[in-house]
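Hi,

Here is the structure I said I'd pass on.

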Amino acid sequence: MAPVSFKANTFAEALQMARSGTSINFVLPGSSGIQRLATELLTTNAQINVSKVPYNGAGVAFTDLIAGRVV
């Protein structure tokens, strides 16, 4: 899920953006857990670098996601 303003329309396009050096803020509903593990696995295997933004729960993260502050 991403805000309308995000330029990528597919996951492959988002990976290409990250590989090209475009700064991407990636929301995590907490600082640990399965989402964090999956994110680390993705960034390692895809050889990309994203800014991981931990939130105190999914509700707050979705609010910022809908507002377009994070991806």
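Let's start with charge pairs: the structure holds 2 salt bridges, a salt bridge being a side-chain nitrogen of Lys or Arg within 4 Å of a carboxyl oxygen of Asp or Glu. Before the details, some housekeeping: this is a predicted model, where local features need pLDDT of at least 70 and side-chain atom pairs count only at pLDDT 80 or more, while totals for chains, interfaces and linings use all residues. Residues are numbered from 1 along each chain as its sequence is written, and side-chain values use heavy atoms, with hydrogens and water left out.

One of the bridges pairs Glu40 with Arg36, with the closest N and O atoms 3.0 Å apart. These two sit 4 residues apart in helix α2, so about one helical turn separates them. (Helices are DSSP runs of H or I with at least four residues, strands are runs of E with at least two, and both are numbered from the N terminus.) Glu40 also meets Lys52 in a salt bridge, at 3.6 Å from N to O. That pair links distant parts of the chain, with Glu40 in helix α2 and Lys52 in strand β2, 12 residues apart. Through shared partners, Arg36, Glu40 and Lys52 end up in one network.

How exposed are they? On relative accessible area, buried means under 20%, exposed over 50%, and partly exposed in between (1.4 Å probe, protein chains only). Glu40 is partly exposed at 28%, Arg36 is partly exposed at 29%, and Lys52 is partly exposed at 26%.

Now for the helix itself. α2 (residues 34-46) has 13 residues and reaches 18 Å from its first C-alpha to its last, close to the 18 Å expected at 1.5 Å a residue (that is, 1.5 Å times one less than its number of residues). Thr39, Thr43 and Ala46 are buried in α2. They cover an arc of only 85 degrees around the axis, which puts them on the same side of the helix; the arc is taken from the directions from the helix axis to the C-beta atoms. The buried residues of α2 pack against α1 (11-19), β1 (25-28) and β2 (51-54), contact meaning heavy atoms within 4.5 Å. On the face turned away from that buried side are the exposed residues Ile34, Leu37, Leu41, Thr44 and Asn45.

Last one: Met17, in helix α1, is buried at a relative accessible area of 15%. Leaving out residues up to four places away in sequence, Met17 touches Phe6, Lys7, Ala8, Thr22 and Ile24.

Cheers
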